[in-house]
Amino acid sequence: LDEAEPALRSAQASVRGIKKRDLDEVRALSRPPNNVKLTLECVAIMLGEKKTDWADVRKLLSKSDFIPSILNFDADKLSQKQIKLVRDKYLDGNADLTVEAVMRSSKACGP
């Protein structure tokens, strides 16, 4: 986890730069690019959401506390179940889910 701490801090700093219009753009997508969808599913899981289908992720993006919840995110509170789910379902062996690929698809999801 100590190795991930600098990356988390960097991501939180990037999130501060996300504009409402960027989130609105993503939320308006009825069929987002797969890497954007996967990224936001990961975010939803780490924020403790139980449902991660696109309709529920769009609702999450609409919440007024979405950005603050990311800025105040405490990685130490992730459960082993959340970590395993994100690692197994999204990260391991998923060459499409890179920061660069996601940034090309969406400024709001890239950080």
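Biologist: Why are α3 and α4 called roughly perpendicular to each other?

Modeller: In this predicted model, helix α3 (residues 34-46) and helix α4 (residues 54-62) pack at an angle of about 65°, with their axes 10 Å apart. Angles of 65 to 115 degrees count as roughly perpendicular, so α3 and α4 get that name. Their crossing is left-handed.

Biologist: What makes up the contact between α3 and α4?

Modeller: From α3 come Lys37, Leu40, Glu41 and Ala44, and they meet Trp54, Val57, Leu60 and Leu61 of α4. By class, that contact has 6 nonpolar and 2 charged residues, with no polar ones. Lys and Glu count as charged, and Lys37 and Glu41 are in this contact.

Biologist: How do you know that α2 and α4 are roughly antiparallel to each other?

Modeller: The axes of helix α2 (residues 20-27) and α4 cross at roughly 165° and come within 10 Å. Angles over 145 degrees count as roughly antiparallel, and α2 and α4 are therefore described that way. The crossing of α2 and α4 is left-handed.

Biologist: Which residues in α2 and α4 meet?

Modeller: Leu23, Val26 and Arg27 of α2 meet Trp54, Arg58, Leu61 and Ser62 of α4. Sorted by class, there are 4 nonpolar, 1 polar and 2 charged residues in the contact of α2 with α4.

Biologist: Now for a pocket. What lines the second largest pocket?

Modeller: Its lining has 14 residues, and Met46, Leu47, Glu49, Ser69 and Phe73 lie nearest its centre. The lining divides into 6 nonpolar, 3 polar and 5 charged residues. The space in this second largest pocket is about 190 Å³.

Definitions and conventions
Residues numbered from 1 in each chain as written. Predicted model: local features only at pLDDT ≥ 70, side-chain atom pairs only at ≥ 80, totals over all residues. Heavy atoms only, no water. Axes fitted to C-alpha atoms, helices over the stretch in contact; angles between N-to-C directions. Helix = DSSP H or I, 4+ residues; strand = E, 2+ residues; numbered from the N terminus. Parallel < 35°, antiparallel > 145°, perpendicular 65-115°, else oblique. Left-handed = near helix turned anticlockwise from the far one by under 90°. Contact = heavy atoms within 4.5 Å. 1 Å grid on protein atoms, 1.4 Å probe; cavity = no way out; pocket = protein on both sides within 12 Å on 5 of 7 lines; lining within 4 Å. Points joined across faces, edges and corners; volume = space filled by probe spheres on them.
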